[in-house]
Amino acid sequence: MALFQLFLISILSSCMAHDEDIMTPVVNIYSELKELKASIIGLTLDLYTAKKELAEQKSLIQELQKQIKESPKVAFTASMSNTEDTHRGPFSTETKLIFDKVLTNIGNAYDPVTGVFTAPVKGVYYFRYSGSAFSSHDMGLSIFKGTARFVSSYEYNSGERNDQMSNGAVMELDVGEEVHMRLWIRTWIFVDPRYNYSTFTGYLLYPLDSTSV
């Protein structure tokens, strides 16, 4: 009888230990919830930061769009008009060229009567010219900033039928500064009524404010 009782006690003890293993959680629920809460807080902060950066970028884009919209529009291209093929020059002195045939003149900063471009705003500008001529004479062209020669090209009599040249420059101009072109002494440039071989072009790259260096 005593042995049987000991056997029953042993079995009951084993079952109780097994029940305790079943009821014991595999993970600590409170610890997991705490970590999950911390992750949610972190994600919320990241979302707030992303929204803030997006709002700043949107504001910057709107400001740039406003600046582009309000920025002055300045661009021109002009050629020289004539009723038949001819040349300007040669002259005994260096002569200002007047490109009187306006092809484009956005902002009306170029004057086809005087051949002078006058900067309407302080800014960085780009100018370019092309020249064509028969080769029986030399051809020399220069862009002038005010009274100072800025860039030039010169084509000697090559013996070929036609000569072509071009050049360009970036200039920083204050309001009211002038740019024009000149034909060198004892040279000439071709003028045609249809094809606009010889041209003078300029446009504003971007404006500069009074504090720009």
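A residue is called buried when its relative accessible area is under 20%, exposed when it is over 50%, and partly exposed in between, with a 1.4 Å probe and protein chains only as cover. The model is predicted, so that local features need a pLDDT of at least 70 and side-chain atom pairs count only at pLDDT 80 or more, while totals for chains, interfaces and linings use all residues. Residues are numbered from 1 along each chain as its sequence is written, and side-chain values use heavy atoms, without hydrogens and water.

Phenylalanine 117 is buried, at a relative accessible area of 0%, and phenylalanine 76 is likewise buried, at 1%. Rings of Phe, Tyr and Trp (its six-membered ring) pair if their centres lie within 6.5 Å, and planes under 30 degrees apart count as stacked, over 60 as edge-to-face and the rest as tilted. The structure holds 16 aromatic pairs; in one of them, the rings of phenylalanine 76 and phenylalanine 117 have centres 5.5 Å apart and planes at 20°, so this pair is stacked. Because phenylalanine 76 lies in strand 1 and phenylalanine 117 in strand 6 (residues 116-118), the pair ties together parts 41 residues apart in sequence; strands here are DSSP runs (E, at least two residues), numbered from the N terminus.

Strand 1 (residues 75-79) also runs antiparallel to strand 4, joined to it by five bridges, where two strands pair if DSSP finds at least two bridges between them. Both belong to an open sheet of five strands in the order 4-1-13-7-10, with antiparallel pairing. Strand 4 (101-106) and strand 10 (162-173) stand at the edges with a single partner strand each, so one side of each is left without a neighbour in the sheet.

Methods
Helices (H or I, at least four residues) and strands (E, at least two) are DSSP runs, numbered from the N terminus.
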